[in-house]
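Here are my notes on the model you sent over.

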Amino acid sequence: MLNWIIDVSLRNRGTVIVLALIAGALGAASMQRLSIDAFPDVTDVMVQVNTMAPGMAPEELEQQVSARVEAAMGGLPNLKLVRSTSKFGLSQVVLVFEDGTDLWFARAQVLERLQSVELPAGLERPTMGPVATGLGEIYHYIVTAPNGDLTDARTIHDWLIKPQLLAVPGVAEANSWGGFEKQFHVVADPARLVKHGLTLRDLLETLERSNLNVGGGAANGSGEILLIHGIGTATTTEEIGAITLQALDGRPIRVRDVADVVEGHEIRSGVVTADGKGEAVLGLGFMLMGENSHVVAARLRNRMDELRKSLPAGTHVRVVYDRTELVDKVIATVKKNLFEGALLVIAILFLFLGHFRAALIVAAAIPLSMLFAFSLMLQAGIAGTLMSLGAVDFGLIVDSSVIMVENTVRRLHEDESGRPVVEVVSEAAREVRKPTMFGELIILIVYLPILALQGVEGKLFRPMALTMVFALLGSMVLSLTLMPVLASLFLSRKSAGQEDPWIIRALRRLYRPVVAFVVDRPVLTLGAALIAVAGTVPVALRLPSIFVPKLDEGSIVINTIRFPGVSIEESARLSTELERRLLKEFPDEIESTWTRTGTPEVATDPMGIEVSDMFVMLRPRENWKKAASREELIRKIDDLLKPLPGMNYAFTQPIEMRFNEMIAGVRTDVGVKVFGDDFEVLKEKCAKIEAILRSIPGAAAPSTEPLVGQPVLRVKLNHDALSRHGLQPGDVLDLIEAAGGKDAGEVRAGLMRFPLEVRLPARTIDTPELFGTLLVPCPDGQRLPLSSLASIRRESGPLVINREWGKRRAIVSVNVDSGDLGGFVAEAQRRVDAELGKELREAGCRVEFGGQYENLVRASKTLAWVVPLALLLILFLVYSTYGNIPDSLRVFTGVPFAMVGGVLALQLRGMPFSISAGIGFIALSGVSVLADMVMVSTIRQFLDAGRGVREAVLAAAEQRLRPVLMTALVASLGFIPMAFNTGVGAEVQRPLATVVIGGLVTSTLLTLLVLPTLYLLVKRKVAA
């Protein structure tokens, strides 16, 4: 079959070239349509269900809303996890589905279940969050009003900017964070209401009935239809104040007689500060799931440029985060790697072949194979990212073409028969077609088990594996078709008749005595090889382990947690002070900062007002003066923040933070989840776990999420007292609810609409004593203070209630800066179980370790069977090639020897074992046998020709020195740019490239020295 393909291609050379050009054109068209992004989106398929309940406390929300929504979602198809957050004014239930679940199907199922949820009267219906992933935040911008007013800035954003951005294709949401959301407040004075004999209910009902427009139908007359439209809505504070409540003795009592009508704002759940200048309004553009972040961010940028022209004069919109910048930096890293790798490969080809045309023929396989891969990537929906394109090694892609063209050059040089060049090329291609074909198949097949990886690691590395498989398929087809055709057209006896390049002649002179020396001393040679393999095992076992290397995103996020109960104004003041300090201390390193505290308008990222995310955008590295690296800058920022009291903090990055939070519910490398029912017990156990973590080397600022400490003014009704005075609970509850605001309709200003609320004066609710003096009118005409109808106490309540599968949960978070995530968690698990295991069980609590560690454990378990499977596949293919076990095992010895180099390379560079390195070992196991197959096949050919064993081994070793060195060098040099690149995103490629380069060094030594020795030794023993 393979011979037939080669012969048909050589007989139809014009057709093959035309088909190659067509395939290349299709690939180029596919490349133009390929989605481009920085990293694959690895977040789970999830649906957020948000319920707004202004003024409601966390415990009440947990019982009345979160628990009911959770119960309604039980049994959904493919549901993997249910977790919820209940905090002041907001319930959020997050539903995580199995990978592969269609998001629209999941949302449809959730929507159907939501129809059955019965909530207390007065609460809004639950709504689903935007159709975006956890990494959907691609565009941040700060809006400043002409007069600097935060209410005007928020209004401009919500009514002028947001609608325009939502119209951009690919945008799922334009969220608002910070500023003041404008409202109209009717601030009722209880004393004036009592004076006029009115109640709060009278005021509410009058406003709801009077502030609206109605339609009166249509009247026919004079041949036309006359529409009737009744307008009663108020548009200004004066008009609202003029609404009549009732008339006494012909004198109207208006709203303004019992209340002050003012422009106010909604109770704030979030605040934003920027650049140490105080509060600001932040807008966030979210990308629709499945869209191209580079394209959508560019569309948002273009629309924003158009918008600026139509905004009120003096309005400023400053973009502070644009995912396009990160994508461009990552793609620049990828381009640099690919370009430099291609140059190195071509240089090696020319140096070792000594033939410019031959080098160009082989080099042609690089772009054509990639164009072939682009076509299949487009069909498979794989985006061009750091993972899919950044780990492509052109050396692996051209290995089969290298061997085929090298053999053709050698055969043309040796042939003196005068036969047509086409026949010599055909014979040369047939001679190596089996080892090269099976070598490519082995490299291709070892990537297939990577497709078995699940979860985050699967989403990270499957694109890389598929891209390499596609490129290798293209290379395999080219090596059997186009390469022989081009060789027959552009190579000749005259051009191939020159002697070998000087470097090959020099290497052969060195290699002959060395290989003769080692094959004659098999005990010494094989003993040294076994010692090397055995000595590497303890080194491998001592390697630290992490999930994947942290990608440098060019920015820093500082997660800060302050004392429970801190006011939103105090949080804003502290954030502003931190920003000023950072900008003053690091003016050459930090370009801008902004801090998000609390929760945005659409609760995509719910936090308490004691929790902040400070975004620190960095200047280009060449401008830095106080730090040489990101790690050193973080250490210096840490030193600056340590003296500040009342604050815990941790360092992360924008995408990394959302990545951790979305997949595990925590924002750090490790989250120790403690499950229980009692808040005080959870608080106590978390404090002990935090102390244990703090004592383990490598722990970076462990902290416990605040559980309790929120001051609460609890008003408990006395039902006996209510009954004695003929009052209904609702008569008193209306008064209590008005402390936070009761909805009374809306106020329209053109197309803009603002809520209208009835509230109590702030001075009446400052203390329990003042609140207790509020008068409640009774049916018999009495006016009783609230304190006589209810007990009013100031207490400490929960800040936020987090649950997983209906069980309350607290988290102790910690980052690991020792570089050994696996070792750190193993020690933490041992210490927690030894010191707190019994105590936790007696208290009815259980502990789970989550965060990045969960991914490491799952990936390690998968690799534990994926790697042996890959090795079995290699052995099977080698056996299929040779049909006997001895030759198969001899070729397979390249695998353990290659592992030696990979492990030692990690150790020498101080790199931990990661999933990236694990993928490198999988790829290396396939690459390492290719040269072995070429060597063994040549030895067998010489033996079949009647040569003695030693003569055949030495002749094959010398003849295959060039292809063995070429295949090893092009494969390893193709990875060198990845191994030493320091660009954005290069971190994840570095371990993979390091493993392959180190492994190829030792596997090449095996092929050139140990394999001939082993072959000769076994053959002699068999003969004996």
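1. A word on terms before the rest: helices and strands here are DSSP runs, a helix being H or I over at least four residues and a strand being E over at least two, numbered from the N terminus. Keep in mind too that this is a predicted model.

2. Let's start with helix α3, which covers residues 58-73. The helix isn't straight: there is a bend of about 35° at S66. S66 is also one of the buried residues of α3, and the others are P58, L61, E62, V65, V69, E70, A72 and M73. Just past the end of α3 you'll find G75, whose phi is positive, at about 85°.

3. Next, the sheet. Four strands make up an open sheet in the order β12-β7-β24-β23, and the pairing is mixed. The edges are taken by β12 (259-265) and β23 (742-749); each has a single partner strand, so one side of each has no neighbour in the sheet. From one strand to the next, the twist averages 25°.

4. Inside that sheet, β7 pairs with β24 (residues 752-759) in the parallel sense, over four bridges. Across this pairing, V186 sits opposite V758 of β24. Two helices go with these strands. Helix α5 (residues 150-166) lies across β7 and β24, and runs at about 130° to β24. Helix α7 packs on the sheet as well, touching β7, β23 and β24, with its direction at about 30° to that of β23.

5. How are the buried residues of α7 placed around the helix? Helix α7 spans residues 200-210, and its buried residues are L200, L203, L204, T206 and L207. They are on the same side of α7, because the arc they cover around the axis is only 165°.

6. V186 deserves a point of its own. This valine belongs to strand β7, residues 182-188. Is V186 buried or exposed? It counts as buried, because its relative accessibility is 0%, and the cut-off for buried is under 20%. Setting aside neighbours within four places in sequence, V186 has contacts with L203, L207, I240, V255, A259, D260, V261, L756, E757, V758 and R759. L203 and L207 in that list are also among the buried residues of α7. For a sense of scale, M370 is 184 residues from V186 along the chain, and their C-alpha atoms are separated by 67 Å.

7. S916 counts as buried because its relative accessibility is 0%. Leaving out residues up to four places away in sequence, S916 touches F461, F547, V548, P549, V988, P991 and L992.

8. Last, the cysteines. As for burial, C686 counts as buried at 0% relative accessibility, and C845 counts as buried at 9%.

Key. Residues are numbered from 1 along each chain as its sequence is written. This is a predicted model: local features need pLDDT of at least 70, side-chain atom pairs count only at pLDDT 80 or more; totals for chains, interfaces and linings use all residues. Side-chain values use heavy atoms; hydrogens and water are left out. Buried means under 20% relative accessible area, exposed over 50%, partly exposed in between (1.4 Å probe, protein chains only). Contact means heavy atoms within 4.5 Å. The bend at a residue is the angle between axes fitted to the seven residues ending there and the seven starting there. The arc is that of the directions from the helix axis to the C-beta atoms. Two strands pair if DSSP finds at least two bridges between them. Axes are lines fitted to C-alpha atoms, for helices over the stretch in contact, and angles run from 0 to 180 degrees between N-to-C directions.
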